[in-house]
Amino acid sequence: YRDPGSQTGPALVIATLCFAYQIYCDFSGYSDIAVGAARVLGVRLSTNFNRPYAATSIAEFWRRWHISLSTWFRDYVYLPLGGNRVPARRWTINILIVFAISGLWHGADWKFLVWGLIHGVCLIGERALPASIPGLRRLPAALTWLATFLVVNAAWIFFRAASLEEALLIFRRLP
């Protein structure tokens, strides 16, 4: 990712997969340290990461990834917007707003906005597609896991790249 224009597609795939595990270990690690330090002081904190890369949907990924942050966005952004107790069109807008804000929370940059919106659009798709494609709910878990893992990693490209332009360059170079 230091100079993606000079890298091969396979090298960029490996770098992206390595980043997926780096960011998980960083975030989960500091959360585990906080949980352990709090426990030493007699305070019980909740689990913050629960094997997110085992998720078989984007919705499940967000139930497993950075649980405290996801819960904050649910409680303080999604639910005040009406949550899922609104018509489908408003729900779609709510999801897009929450994930756009989540992206911008990570940084005031187009790449973070795109990262957030990828997750939002995929959540919307997960709700809409099974109703329109018979049999989609019966796909093997290995296939839904792979699709989820690939989408999450594709989104990580936007998160990790130095700019939106660099992220698009990386996508053009992928095999």
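Because the model is predicted, local features need pLDDT of at least 70 and side-chain atom pairs count only at pLDDT 80 or more, while totals for chains, interfaces and linings use all residues; side-chain values use heavy atoms, with hydrogens and water left out.

**Exercise 1: salt bridges**

Find how many salt bridges the model has, and say which side chains meet in them.

Step 1. Take the rule: a side-chain nitrogen of Lys or Arg within 4 Å of a carboxyl oxygen of Asp or Glu. Side chains of opposite charge can pair when their charged atoms come close.

Step 2. Count by this rule, and you get 2 salt bridges.

Step 3. Look at E60 and R64, whose side chains meet at 2.8 Å, N to O. E60 and R64 are 4 residues apart in helix α2, so about one helical turn separates them. (Helices here are DSSP runs of H or I with at least four residues, numbered from the N terminus.)

Step 4. Check their cover: E60 and R64 are both buried. Buried means under 20% relative accessible area, exposed means over 50%, and partly exposed is in between, using a 1.4 Å probe and protein chains only.

Step 5. Now turn to R74 and D75, which also form a salt bridge, again at 2.8 Å, N to O. R74 is partly exposed at 41% relative accessibility, and D75 is partly exposed at 31%.

**Exercise 2: two helix pairs**

Work out how α6 packs with α1 and with α7.

Step 1. Start with α1 (9-40) and α6 (residues 141-160). They pack at an angle of about 85 degrees, with their axes 9 Å apart. Axes are lines fitted to C-alpha atoms, for helices over the stretch in contact, and angles run from 0 to 180 degrees between N-to-C directions.

Step 2. Name the arrangement: α1 is roughly perpendicular to α6, because angles of 65 to 115 degrees get that name, while those under 35 are roughly parallel, those over 145 roughly antiparallel and the rest oblique.

Step 3. List who touches whom, with contact meaning heavy atoms within 4.5 Å. On the α1 side the residues include T16, F19 and Y21, and on the α6 side they include F149, W156 and R160.

Step 4. Move on to α6 and helix α7 (residues 164-173), which pack at about 140 degrees with axes 8 Å apart. That makes α6 oblique to α7.

Step 5. Find the contact: A154, I157 and F158 of α6 meet L164, A167, L168, I170 and F171 of α7.

**Exercise 3: positive phi**

Step 1. Take R51, in the loop between α1 and α2 (58-64). Its phi is near 50 degrees, a positive value in a residue other than glycine. At 55% relative accessibility, R51 counts as exposed.

Step 2. Take H66, in the loop between α2 and α3 (67-78). H66 has phi near 35 degrees, again positive in a residue other than glycine. With a relative accessible area of 10%, H66 is buried.

Step 3. Leaving out residues up to four places away in sequence, F27 touches F49, W65 and H66.

Key. Residues are numbered from 1 along each chain as its sequence is written.
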